[in-house]
Amino acid sequence: MASAGDPLIRYAVVANKGGPMGKPQLLSEVSRSTLDVSNISKVILEKIRSDDHKMTYTYDAFLFHYIVSEGMCYLCMADEALDRRIPFEFLEAVKNRFKSAYLSKWNTVTTLKSAESFTTELKRQVDIANSGENDIIRKVKKDIDETKDIMNKNIDTLLTRGEKIDILSTRADELNTGATKFKAQSKTLHWAMWKRKVMMTAFCVFVILLIIFIIVLIACGGFKFKKCK
């Protein structure tokens, strides 16, 4: 199915170049456009030669493609972005369907009423062409585009995951650095605490020894130790 925004065939018409007074006669017409395409196509049809040939006219952002075959003209208007192969394949299909519908008298159909029943078939051919269901090249291209989209999404996912892994790796490095710093600081603190403990112990021993010395000194009657002799 064609999605919104896809280039499409917007208008199609089958006309007899040998109509009354030598003017082209519109036999079957289908429009999927908001433009007044019918009047534009009439002007173009009058300028088209009657001999067998095919050509494309440009109008604004649209292209008018046509095939003239044995006095009959098969014309369509399509978006400019649509591959020209598709409109011409569509016109060939319409031409063959029209010939099959009217057998040997197809090139004698000159009134809209006589070809009225073909309009349903023309609408169907427009829908088929726009859906791309018979277009192998368009299907392959669509499959390739879808594959590209999936690959791009996968790459984006991988990149996103890679960014997350990088963030986690950075955070792990930061934690490792923090742990190393903490370990170093812990060792420094432990060493400082040990030194302080040793110094406190030495000071306490010194104080105790000093007190004992003072007590002995007093008990022995001074520095001459008269009482202790």
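## Basis of the description

A residue is called buried when its relative accessible area is under 20%, exposed when over 50%, and partly exposed in between, with a 1.4 Å probe and protein chains only. Under this definition, Glu-89 is partly exposed because its relative accessibility is 41%.

This is a predicted model, in which local features need pLDDT of at least 70 and side-chain atom pairs count only at pLDDT 80 or more, while totals for chains, interfaces and linings use all residues. Residues are numbered from 1 along each chain as its sequence is written, and side-chain values use heavy atoms, with hydrogens and water left out.

## Overall architecture

The secondary structure of the chain comprises four helices and five strands. Helices (H or I, at least four residues) and strands (E, at least two) are DSSP runs, numbered from the N terminus. Along the sequence, these elements follow the pattern β-β-α-β-β-β-α-α-α. The chain has 229 residues, of which 29% count as buried.

## Salt bridges

Ten salt bridges are present in the structure. The term denotes a side-chain nitrogen of Lys or Arg within 4 Å of a carboxyl oxygen of Asp or Glu. One of them joins the side chains of Arg-32 and Asp-127, with an N to O distance of 2.7 Å. This pair links distant parts of the chain, 95 residues apart: Asp-127 belongs to helix α3 (residues 118-131), and Arg-32 is placed in the loop between β2 and α1 (37-47). Arg-32 is partly exposed at 36% relative accessibility, and Asp-127 is partly exposed at 39%.

Helix α2 (residues 85-102) contains both Arg-85 and Glu-89, four residues apart, or about one turn of the helix. These two residues form a salt bridge whose closest N and O atoms are 3.4 Å apart. Arg-85 has a relative accessible area of 23% and is partly exposed. Helix α2 also holds Glu-92 and Lys-95, which are three residues apart, about one turn of the helix. Their side chains meet in a salt bridge of 3.1 Å, N to O. Glu-92 is partly exposed at 27% relative accessibility, whereas Lys-95 is buried, with a relative accessible area of 12%. A network of salt bridges links Lys-54, Glu-92 and Lys-95.

## Aromatic pairs

A pair of aromatic rings is described by the distance of the centres and the angle of the planes. Rings of Phe, Tyr and Trp (its six-membered ring) pair if their centres lie within 6.5 Å; planes under 30 degrees apart count as stacked, over 60 as edge-to-face and the rest as tilted. The structure holds five such pairs. In one of them, the planes of Tyr-59 and Phe-64 stand at 75° and the ring centres are 6.2 Å apart, so the pair is edge-to-face. Tyr-59 is partly exposed, with a relative accessible area of 38%, while Phe-64 is buried at 0%.

Trp-191 and Trp-194 form a stacked pair, with 5.2 Å from centre to centre and 20° between the planes. Both residues lie in helix α4 (residues 136-219), three residues apart, about one turn of the helix. Trp-194 is partly exposed at 47% relative accessibility. Elsewhere, ring pairs link Tyr-74, Phe-98 and Phe-118 into a cluster.

## A nonpolar surface patch

A nonpolar patch on the surface is formed by Phe-203, Phe-206, Leu-210, Phe-213, Ile-214 and Ile-218, with about 630 Å² of accessible area together. Patches are made of residues with over 30% relative accessible area and no salt bridge: like charges are joined within 9 Å, and nonpolar side chains (Val, Leu, Ile, Met, Phe, Trp, Tyr) within 5 Å. Accessible areas come from the Shrake-Rupley method with a 1.4 Å probe; for residues, only the protein chains shown count as cover. Leu-210 is located in helix α4 and is partly exposed, with 39% relative accessibility.

## Cysteines and a buried serine

A disulfide is a covalent bond between the sulfur atoms of two cysteines. By the criterion of a pair of cysteine sulfur atoms within 2.5 Å, the structure holds zero disulfides. Cys-73 is buried at 0% relative accessibility, and Cys-76 is buried with a relative accessible area of 0%.

Ser-28 lies in strand β2 (residues 25-31) and is buried at 0% relative accessibility. The side chains of Ser-28 and Thr-119 are joined by a polar contact of 3.1 Å. Such a contact is a pair of N or O atoms within 3.5 Å; within protein, one must be able to donate a hydrogen and the other to accept it, and residues adjacent in sequence count only if both atoms are side-chain atoms.
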